[in-house]
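Colleague: Please take a close look at the contacts between the chains. Which residues and elements make them up?

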Protein chains: 4
Amino acid sequence: MSDIQCGNGKSSGGVKCRMSWYERFVQPCLVELLGSALFIFIGCLSVIENGPDTGVLQPALAHGLALGLIIAILGNISGGHFNPAVSLAATVIGGLKVMMLLPYWISQLCGGMIGAALAKAVSIEDKFWNASGAAFVTVQEHGHVAKALGAEIIFTTLLALAVCMGAINEKTQSPLAPFSIGFSVTVDILAGGAISGACMNPARAFGPAVVAGYWNFHWIYWLGTLLAGLLVGLIIRLLIGDGKTRLTLKGR
Amino acid sequence: MSDIQCGNGKSSGGVKCRMSWYERFVQPCLVELLGSALFIFIGCLSVIENGPDTGVLQPALAHGLALGLIIAILGNISGGHFNPAVSLAATVIGGLKVMMLLPYWISQLCGGMIGAALAKAVSIEDKFWNASGAAFVTVQEHGHVAKALGAEIIFTTLLALAVCMGAINEKTQSPLAPFSIGFSVTVDILAGGAISGACMNPARAFGPAVVAGYWNFHWIYWLGTLLAGLLVGLIIRLLIGDGKTRLTLKGR
Amino acid sequence: MSDIQCGNGKSSGGVKCRMSWYERFVQPCLVELLGSALFIFIGCLSVIENGPDTGVLQPALAHGLALGLIIAILGNISGGHFNPAVSLAATVIGGLKVMMLLPYWISQLCGGMIGAALAKAVSIEDKFWNASGAAFVTVQEHGHVAKALGAEIIFTTLLALAVCMGAINEKTQSPLAPFSIGFSVTVDILAGGAISGACMNPARAFGPAVVAGYWNFHWIYWLGTLLAGLLVGLIIRLLIGDGKTRLTLKGR
Amino acid sequence: MSDIQCGNGKSSGGVKCRMSWYERFVQPCLVELLGSALFIFIGCLSVIENGPDTGVLQPALAHGLALGLIIAILGNISGGHFNPAVSLAATVIGGLKVMMLLPYWISQLCGGMIGAALAKAVSIEDKFWNASGAAFVTVQEHGHVAKALGAEIIFTTLLALAVCMGAINEKTQSPLAPFSIGFSVTVDILAGGAISGACMNPARAFGPAVVAGYWNFHWIYWLGTLLAGLLVGLIIRLLIGDGKTRLTLKGR
């Protein structure tokens, strides 16, 4: 994650960016699509094929490790978001050019649909429908909405913090960032898989919803995650960002 | 964990510290509060939502990976303690200014209460009370106290050693420190979750105790962990620290 | 994985390669044989000894962590493939000399047979035959072939991408590559162990097939994985490789 | 693991070793004792407290992650062996001075007894004796000895290779070595916990044997592991070591 500046909006001082138009604008979107498709393919299958004896361990490890490794191998090209809420937070703190936000979102949502469709294509039909195609079905009644929404906000906050502090905010950048981010997904699912599904990613919600045609309470996974993306952007801009990123409290 | 010197008490020789008052004193406390809240939120939920088929794997992985990733993304600002016993050990070996110990403790305990309260807010009431809000209920009789206290001392020793040797003692500092520390929590829970609860952290004990109003044998998790913090400080100062940290046996 | 250039086909500009003939040609093959034998020994035993209560977690963690660690300790000598499909992808993107492909394949297949034979030697006979010696028996009917073949192609794509992007393509090389690659195997098994067996490696399929004499639908694990190796080579050469690796879209 | 040369026998060319006698000879032994005690304490408890629903996952993760983290935090002082068979292999390839081998062995065996005794002290008596104090009881009949001995040899070969290639042999040294070594223990237990117990460490066998007074087939865990230590030393010295370590095939 050392040379994402050029393709990602943070042009470093005197260094002239010599990447081609293709590498700055097209390749990052291609990579967000490819990575989102692979991540959501693995994620959906780990839910569809989840065994009865291991609780949430299988989806927790599959989602987290898959996200971590895909960021490790593709993050240097696109920043490694694979998640519209994360791209929103990155944009707020200056880690992604505003003009790239919409192309990233479209790439991530297309990736989500491709991943979910491939998961449907290779899984046995019975298992696929038993799991509602890995769409989020945890919330079944209105009384449960507030808790699920609150949970999604906090879970996504941890994930977006892991991306923004581990891979963008210079003072806290770390070579371990890919797996820090992946583990934030793992622990969120271990903590709240049974509360809200621990989605944290509109593309992960959207893809299977399209493929399985399941849209109940779908809005929770957009509202909660995008609110968290905004919240993390503000926390970093106002309070915990480094001198370069923080907008306030910069005096000596 | 490379530039924690300025905010953390170890001012390196000739390098002049140019961080602002906010970055040296307020931001570390804010980050300790935020990190403790997120860590204890995840930890409590992983206990409240723990499934019947996976033993202690779910809380062990959730606590350990959550602590590891939060240290990886926030450690460069505050040193990444999120634990009063760890802050005590760090103070003893010179990794935290004495004047920052009390503010750190207050931040960590407030974070613990916030994390536990958020865990209560998003979880189903039945599950919350079945798990006593993730307060430590392992010790139920006086005959069990000595074993639990001894276990907490040894478990916390491993955790505090992982922080002090992996992230502070210069000769053994390593970029893997965040996950070394996280894994110390994971293995402690795998080894002793059923003996003492493997708390190792007064803030992790205090938050849920306040929220659930459960105080039986609560003192074990203060006495054992703080004793271990002192013990680790002494072992490093007297025996295994590097030439700079060790107070004795410095001759040729 | 920093100095694989000499033995592996990518001779870096002006640097003269001073490794001996033994180190350039024989040692890499020896290491591929040794690593494949150890990896496949662990992998087969984790299937033969798989317990009834933990779903696919045991083989998923055993295969993934074993591959990751063996790449970490031997990868600097041979590139760390241990898999004919990965060697094919590496050859296509210029990460392995064409003349070394066949020797690597032979080493990997011999390693596979040795590993499977050792697994047979140390396991109890009943358990060995109950698990068909860890040969791939998931596909039992013709109606299931298309799904299994498709799954193997996508799973192997993720694995080969992890190797080629994480360890060969310069822009995205990362010190975390060994465990990124290992985790790609773990998540593939978590996602699709029950669909196709999540083999992703002709040597892993071939060794146990020889030792157990089980050849039903064996061709799936050659065709699917090698196709994926080719596919990944093309994706990188045409679309997502860096300026040095990509053959197209190089203009400003 | 960058500056183990001084205390560990490999004095690098012109660099004058300025560590004190205490740091070169006493501290490494102290650290081997401390690390072995903590590792074996965690390991034994993870067996004594192993739940009925998670197969070998709990001991596999506890042993592997504990060893990995303890090497990460203490390895720079002593080389991070905590295992007589590993110290033997390190000595054969020049990673440990011959005169330090016996002191290391004594430290490791004392650490093993302390760790096992502490595990007994904190665990409930029933559980302790049900698990025979975590002594190795897998082999119960003479017909099983050959398989168990063979398994221990291969398992320990993987562990000793991980140490010698990942942390000592310069060409393949890697910052990931601590967790590579830890994961070798994890995968060995996942593969063979039910065959031989996957001990791989005479100190891990000896400590609980003393504390529980259980000595049946104890010799397997000395003979198998030490043979593997020798075997790994020879493989590296003769075949896969780098130009500096290898004794043969050095011509152009």
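**Contacts between the chains**

Modeller: Start with one pair inside a chain: B:Glu170 and B:Lys244 form a salt bridge, N to O 2.6 Å (a Lys or Arg side-chain nitrogen within 4 Å of an Asp or Glu carboxyl oxygen). B:Glu170 sits in the loop between helix H7 (145-168) and helix H8 (177-192) of chain B, and B:Lys244 in the segment after helix H10 (220-240) of chain B, so the pair ties together parts 74 residues apart in sequence. Helices here are DSSP runs of H or I with at least four residues, strands runs of E with at least two, numbered from the N terminus. Over all chains, the count comes to 12 salt bridges.

The model is predicted: local features need pLDDT of at least 70, side-chain atom pairs count only at pLDDT 80 or more, and totals for chains, interfaces and linings use all residues. Residues run from 1 along each chain as written, chains are lettered from A and ligands numbered from 1 in written order, and side-chain values use heavy atoms, without hydrogens and water.

Now the interface of chain D and chain B. The contact (heavy atoms within 4.5 Å) takes 42 residues from chain D and 43 residues from chain B. About 3500 Å² is buried between chain D and chain B, 73% of it on carbon and sulfur atoms. D:Leu69, D:Ile73 and D:Val122 supply 16% of the area that chain D buries against chain B, more than any other three residues. Buried area is the accessible area (1.4 Å probe) lost when two parts are put together, summed over both.

The rule finds 1 salt bridge across the interface of chain D and chain B. The partners are B:Arg246 and D:Glu23, with the closest N and O atoms 3.1 Å apart. On the side of chain D that touches chain B, helix H2 (21-48), helix H3 (57-78), helix H5 (98-122) and helix H8 (177-192) of chain D each supply at least two residues. H3(D) gives that side its largest share, 13 residues. By class, the side of chain D that touches chain B has 29 nonpolar, 7 polar and 6 charged residues. For these classes, Ala, Val, Leu, Ile, Met, Phe, Trp, Tyr, Cys and Pro are nonpolar, Asp, Glu, Lys and Arg charged, and the others, Gly among them, polar.

How do the two chains relate? A rotation of 90° with 0.0 Å of shift along its axis superposes chain D on chain B, RMSD 0.0 Å. Only 12% of the interface residues of chain D are also interface residues in chain B, so the copies meet through different surfaces.

Next, chain C and chain A. Here 43 residues of chain C are in contact with 42 residues of chain A. Chain C and chain A bury about 3500 Å² between them. Of that area, 73% is on carbon and sulfur atoms. On the chain C side, C:Ile154, C:Lys171 and C:Leu176 lose the most area to chain A, together 18% of what that side buries.

Chain C and chain A share 1 salt bridge. C:Arg246 pairs with A:Glu23, and the closest N and O atoms are 3.0 Å apart. Helix H7 (145-168), helix H8 (177-192) and helix H10 (220-240) of chain C are the elements that give two or more residues to the side of chain C that touches chain A. H7(C) gives the most to that side, with 10 residues. By class, the side of chain C that touches chain A has 22 nonpolar, 14 polar and 7 charged residues.

Chain C superposes on chain A by a rotation of 90° with 0.0 Å of shift along its axis, RMSD 0.0 Å. That is the relation of a four-fold axis. The copies use different surfaces: 12% of the contact residues of chain C recur in chain A.

Two other pairings have no contact. Chain B and chain C do not touch, and their closest C-alpha atoms lie 8 Å apart. Chain A and chain D do not touch either, with nearest C-alpha atoms 8 Å apart.

Last, the aromatic rings. One aromatic cluster is formed by A:Phe179, A:Phe183, B:Phe179, B:Phe183, C:Phe179, C:Phe183, D:Phe179 and D:Phe183. The structure holds 32 aromatic pairs over all chains (Phe, Tyr or six-membered Trp rings with centres within 6.5 Å; planes under 30 degrees apart are stacked, over 60 edge-to-face, the rest tilted).

Definitions and conventions. Copies are superposed by least squares on the C-alpha atoms of residues with pLDDT of at least 70 in both.
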